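Please look over the sequence and the model below.

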Amino acid sequence: NTVTPEGSVSDELYEVTSWFTKTFKLMNNPSDVYDRRNFSKLDKLVESGQKLVNLDSLMAEEIPEDKKLVDDLRRSWAAAVNDDIERLMDLQNQRNKFVDWCEKA
């Protein structure tokens, strides 16, 4: 059984695409952010996204061509995940302001 760089990052890519799917669903329905049932979902998405971005710093395969491929791939999706994390954090801030407002009302 031969291990290739493409095969070794397939698990990472699966995690990333799953994360994007969950993020898209939540951002597509921003009103869900204000539902208490989804509070932990939003917080967990931000946390798991930050972990995915940290995968960008892992060392790639030792073969120079493979290393460049894997590094480029990780940098690409890490940048996209970072963008969505910023959007999620904006939603978190809006949610927190809303919760504070509700508690004062």
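The report starts with the overall fold and then turns to single residues.

## Fold

This is a predicted model. The protein chain has four helices and zero strands. Read from the N terminus, the order of elements is α-α-α-α. The protein chain has 105 residues, and 30% of them count as buried. Take the contacts between residues at least 6 apart in sequence: 73% of them join residues at least 24 apart. The accessible surface of the protein chain is about 7,300 Å². Carbon and sulfur atoms account for 53% of that surface.

## Nonpolar core

In soluble globular proteins, nonpolar side chains tend to be buried together. Which residues touch the most other members of the largest nonpolar core? They are W19, W77, V81 and L88, in a core of 16 residues. Three helices each supply at least two residues of this core: α2 (10–28), α3 (39–54) and α4 (64–104). The largest share, six residues, comes from α4.

W77 deserves a look of its own. Setting aside neighbours within four places in sequence, W77 is in contact with E12, L13, V16, F20, L52 and L55. One of these partners, L13, also touches L73. L73 is found in helix α4. L73 touches V9 as well, again not counting residues up to four places away in sequence. L73 and L13 are 60 residues apart along the chain, yet their C-alpha atoms are separated by 9.3 Å. Is L73 buried, partly exposed or exposed? L73 counts as partly exposed, because its relative accessibility is 30%.

## Salt bridges

Side chains of opposite charge can pair when their charged atoms come close. The structure holds six salt bridges.

| E12 | R74 | 2.7 Å |

Start with E12 and R74. Are E12 and R74 buried or exposed? Both are buried. E12 is also among the contacts of W77.

D84 and R87 pair within one helix. They are three residues apart in helix α4, so about one helical turn separates them. D84 counts as buried because its relative accessibility is 12%, under the 20% cut-off. R87 counts as partly exposed at 44% relative accessibility.

R37 counts as exposed because its relative accessibility is 69%, over the 50% cut-off. D35 counts as partly exposed at 24%.

## Aromatic rings

How many aromatic pairs are there? The count comes to three. One of them joins W19 and F20. That pair is edge-to-face, with 5.4 Å centre to centre and 70° between the planes. W19 counts as buried, at 4% relative accessibility. F20 is partly exposed, with a relative accessible area of 25%.

Y34 and F98 form another pair. Their ring centres are 5.0 Å apart and their planes stand at 70°, so this pair is edge-to-face. Y34 lies in the loop between α2 and α3, and F98 lies in helix α4, so the pair ties together parts 64 residues apart in sequence.

Ring pairs link Y34, F98 and W101 into a cluster. Where is W101? W101 lies in helix α4.

## A surface patch

Which residues make the nonpolar surface patch of about 320 Å²? Y34, F98 and W101 make it. These residues also form the ring cluster. Y34 is partly exposed, with a relative accessible area of 32%. F98 is partly exposed too, with a relative accessible area of 32%. Both values count for a patch because the cut-off is over 30% relative accessible area. W101 is exposed, with a relative accessible area of 56%.

How values were computed: Residues are numbered from 1 along each chain as its sequence is written. This is a predicted model: local features need pLDDT of at least 70, side-chain atom pairs count only at pLDDT 80 or more; totals for chains, interfaces and linings use all residues. Side-chain values use heavy atoms; hydrogens and water are left out. Buried means under 20% relative accessible area, exposed over 50%, partly exposed in between (1.4 Å probe, protein chains only). Contact means heavy atoms within 4.5 Å. Accessible areas come from the Shrake-Rupley method with a 1.4 Å probe; for residues, only the protein chains shown count as cover. A nonpolar core is a set of buried Ala, Val, Leu, Ile, Met, Phe, Trp, Tyr and Cys residues joined through side-chain atoms within 4.5 Å. A salt bridge is a side-chain nitrogen of Lys or Arg within 4 Å of a carboxyl oxygen of Asp or Glu. Patches are made of residues with over 30% relative accessible area and no salt bridge: like charges are joined within 9 Å, nonpolar side chains (Val, Leu, Ile, Met, Phe, Trp, Tyr) within 5 Å. Rings of Phe, Tyr and Trp (its six-membered ring) pair if their centres lie within 6.5 Å; planes under 30 degrees apart count as stacked, over 60 as edge-to-face and the rest as tilted.
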